[in-house]
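Good morning, and thank you for joining. I would ask you to look at the sequence and the structure on the screen before I go through the details.

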Amino acid sequence: ENQTDYESEIINRMTIQEALQDFSERDKTIIQLRYYDRKTQTQIAELLGISQVQVSRIEKKLLSKMREKMIE
């Protein structure tokens, strides 16, 4: 069962990597920090020198783009 969890994790990451291919470096960085490094929007905003509201807006846009790609 643990093996199955590990395999699905790999597949999820591969799918996410494919979905991220067309994104800008900044967009990839935001996804990386948010979902792999578990940073808050405020922490990301400070790291990137933008506001938390901008991070929130960008994140929402990226997630909807990723959803569209995964549906294709």
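I begin with glutamate 59, which is in contact, neighbours within four places in sequence left aside, with Arg34, Tyr35 and Gln41; contact here means heavy atoms within 4.5 Å. Before I continue, please note that this is a predicted model, in which local features need pLDDT of at least 70 and side-chain atom pairs count only at pLDDT 80 or more, while totals for chains, interfaces and linings use all residues. Residues are numbered from 1 along each chain as its sequence is written, and side-chain values use heavy atoms, with hydrogens and water left out.

Is glutamate 59 buried or exposed? Its relative accessibility is 6%, so glutamate 59 counts as buried. The term buried means under 20% relative accessible area, exposed means over 50%, and partly exposed lies in between, with a 1.4 Å probe and protein chains only. Glutamate 59 belongs to helix 4; helices are DSSP runs of H or I with at least four residues, strands are runs of E with at least two, and both are numbered from the N terminus.

For the chain overall, there are four helices and zero strands, in the order α-α-α-α from the N terminus on. Along the principal axes, the C-alpha atoms fill a box of roughly 40 × 25 × 15 Å. Of the 72 residues, 21% are buried. Among the contacts with a separation of 6 or more, 48% come from residues 24 or more positions apart.

Let me turn to helix 3, residues 41-48. Which of its residues are buried? They are Gln41, Ile44 and Ala45. These residues lie on the same side of helix 3 because they cover an arc of only 100° around the axis, the arc being that of the directions from the helix axis to the C-beta atoms. Their cover includes helix 2 (25-36) and helix 4 (52-71). On the face turned away from the buried side, helix 3 carries the exposed residues Glu46 and Leu47. Glycine 49 follows helix 3 and has a positive phi, near 70°.

Finally, the surface. Isoleucine 10, in helix 1 (residues 2-20), counts as partly exposed because its relative accessibility is 35%. The accessible surface of the chain comes to about 5400 Å², 49% of which belongs to carbon and sulfur atoms; such areas come from the Shrake-Rupley method with a 1.4 Å probe, and for residues only the protein chains shown count as cover.
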